[in-house]
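Open the model in your viewer and keep the selection tool at hand. The tour goes stop by stop.

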Amino acid sequence: MNDTTDNSDDINKISSSEEDESNALANCLLSQFWFFGGGVGLGLAGSLKLKKGPAPMIIGGVAGSLADLIYGYTVACKEHTSTNKKEEEN
């Protein structure tokens, strides 16, 4: 009976460490915002200059968000993504 308890404690420790690493990756990715800000800023300037309404600002925000996600996953948070890939292989 004690073996089962010890085994479940090990499983809880493993899932807890995987959860911590997953949270670290999520926090790192969500901390990327520079391209979003730039996209909205350029879109706002374009909206005001071209008088096209909010469409350029929205497009700039979406494009900036995608750029932040790609940059964060491939450059800024690379240490977290490589750790997650190693865990998935095991």
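**Stop 1: the disulfide.** Select C28 and C77. These two cysteines form a disulfide, with 1.9 Å between their sulfur atoms. Remember that this is a predicted model. A search of the whole structure finds one disulfide. Now look along the S-S bond. The torsion about the bond of C28 and C77 is about -95°, so the disulfide is left-handed.

What does the pair tie together?

Are the two cysteines buried or exposed? C28 has a relative accessible area of 14% and is buried, because the cut-off for buried is under 20%. C77 is buried too, at 0%.

**Stop 2: Q32.** Next, select Q32. This residue sits in the loop between α1 and α2. Follow its side chain. The side chain of Q32 reaches the backbone oxygen of C28 at 3.3 Å. That brings you back to one partner of the disulfide.

Now show what surrounds Q32. Leaving out residues up to four places away in sequence, Q32 touches D68, Y71, G72, A76 and C77. C77, in that list, is the other disulfide partner. Q32 counts as buried, with 16% relative accessibility.

**Stop 3: H80.** Move on to helix α4 (residues 78-89) and select H80, which is found there. Which residues does H80 contact, beyond its neighbours within four places in sequence? They are E21, A24, L25 and C28. So C28 turns up again, because heavy atoms of C28 and H80 come within 4.5 Å.

Zoom in on E21. The side chains of H80 and E21 are joined by a polar contact of 3.0 Å. H80 counts as buried, at 17% relative accessibility.

**Stop 4: the surface patch.** Last, select F35, Y71 and V75. They form a nonpolar patch on the surface, and together they have about 270 Å² of accessible area.

Where is F35? It is placed in helix α2 (residues 34-50). F35 is partly exposed, with a relative accessible area of 41%.

Methods:
Residues are numbered from 1 along each chain as its sequence is written. This is a predicted model: local features need pLDDT of at least 70, side-chain atom pairs count only at pLDDT 80 or more; totals for chains, interfaces and linings use all residues. Side-chain values use heavy atoms; hydrogens and water are left out. Helices (H or I, at least four residues) and strands (E, at least two) are DSSP runs, numbered from the N terminus. Buried means under 20% relative accessible area, exposed over 50%, partly exposed in between (1.4 Å probe, protein chains only). A polar contact is a pair of N or O atoms within 3.5 Å; within protein, one must be able to donate a hydrogen and the other to accept it, and residues adjacent in sequence count only if both atoms are side-chain atoms. Patches are made of residues with over 30% relative accessible area and no salt bridge: like charges are joined within 9 Å, nonpolar side chains (Val, Leu, Ile, Met, Phe, Trp, Tyr) within 5 Å. Accessible areas come from the Shrake-Rupley method with a 1.4 Å probe; for residues, only the protein chains shown count as cover. A salt bridge is a side-chain nitrogen of Lys or Arg within 4 Å of a carboxyl oxygen of Asp or Glu. A disulfide is a pair of cysteine sulfur atoms within 2.5 Å.
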